[in-house]
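Please examine the sequence and the model shown here before reading the explanation.

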Amino acid sequence: MEPVLLSVPILLIPYNWLGDLHLCIYLALVICFMLLAYAVHQAGNDLSDGVGRAVLITGCDSGFGHHLAKKLDSMGFTVFAGCLHPEGPGAQSLVEEGSDRMKVFQLDVTKEEHVSLAKVFVEANLPEKGLHAVVNNAGISDWGETEWSTAEDFQKMADVNLFGAIRVTIPFLPLVRASKGRMLYVSSILSFFNCLNMGAYSVSKRGLEAFADCLRVEMASFGVKVSIIQPGNFGAATNILHKKTPQDIWDEFDDAQKLTFNQKYVGMACEYFHSLCSSGFKDCTMVVNAMLHALTAAKPKTRYLLVSWTDMLFFYICPILPTYVTDSVFHMSSMYHKRKVMLYS
């Protein structure tokens, strides 16, 4: 009988049957049984190599997708590396440095015709063990207050980060289901942590996680495992943040916006977000390792939260904290106070 089942009768022992001196022992036993149950649950045969298996990755021009493609190729996987610019330096380095199993092709996840052609290409070049996984990595990022944006800005963000993943997922699900493989989605801590000036990005990532969560429940019946990657600040490693100057932003404002938002604040916000991105993780190792675990472990995690150890505790408890507590994080920010003073001035 598994430890998780053995722990059930222990949990049912009434506290009044135990003396006060035995309470600590009781709690320690319960914790030990739960840890043992977790270890048994995680145990299994990991995938040692990828020979005969294929993985499709979107967004391989740079960043996480680029590094993952190289790593999987070195492990023997056939890698279908979708690149927005197949003639660009990132895609060409995959071709030049990869083996003959590295298949680089053009894939714009916002275009149905690209996805359709990708499926034809993948089906024509599958190894004997089929398509093991799809890694929905392609994404874009931008920042700006909601009033600085248009509905089209939100739509553009969602078209890549959310609907791009949906466009790729649906046609490739039959192939992944046939191999009882994996589906991976690259989200962000901003999918659950509200951040000033990141509304469009947060909307797209929160929608992506809702899609992945629903898919995970459905695919469990077919033996397909779905995982979500939640990176923290990897802006310096991926160069994903859209670069724009304060003047670029100011020039887009109409007269009413210029009366509301101080030009000095726009400059300060621009400097703040650029410095914030440069202060994050400098390489992709942590994220790539999490992706590899999700692709090869017998018991992959549902979510991989990838932040510094000092941030880990906060982000684990953040989703269960009252809204006024999480919002207060921004109220304590020096930038938030400066912003409040500058508005209308």
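Predicted model: local features only at pLDDT ≥ 70, side-chain atom pairs only at ≥ 80, totals over all residues.

Residues are numbered from 1 along each chain as its sequence is written, and side-chain values use heavy atoms, with hydrogens and water left out. The protein chain has a mean pLDDT (the predictor's confidence in each residue, from 0 to 100) of 86, and 85% of its residues reach 70 or more. Residues 1–12 have pLDDT below 50, and this stretch makes 14 contacts (heavy atoms within 4.5 Å) beyond near neighbours in sequence.

Helices here are DSSP runs (H or I, at least four residues), numbered from the N terminus. The axes (lines fitted to C-alpha atoms over the stretch in contact, with angles from 0 to 180 degrees between N-to-C directions) of helix 3 (residues 63–74) and helix 4 (residues 89–97) come within 11 Å and cross at roughly 5 degrees. Helix 3 is therefore roughly parallel to helix 4, a term for angles under 35 degrees. His66, Ala69 and Lys70 of helix 3 meet Gly90, Ser93, Leu94 and Glu97 of helix 4.

The structure also holds one cavity of 30 Å³ or more. A cavity is a set of points on a 1 Å grid over the protein atoms alone where a 1.4 Å probe fits but cannot get out, and its lining residues have an atom within 4 Å of a point. Helix 6 (151–161) and helix 7 (163–178) each supply at least two residues of its lining, and helix 7 gives the most, with three residues. Among the lining residues are Thr58, Asn136, Val160 and Leu208.

Terms used:
1 Å grid on protein atoms, 1.4 Å probe; cavity = no way out; pocket = protein on both sides within 12 Å on 5 of 7 lines; lining within 4 Å. Points joined across faces, edges and corners; volume = space filled by probe spheres on them. Parallel < 35°, antiparallel > 145°, perpendicular 65-115°, else oblique.
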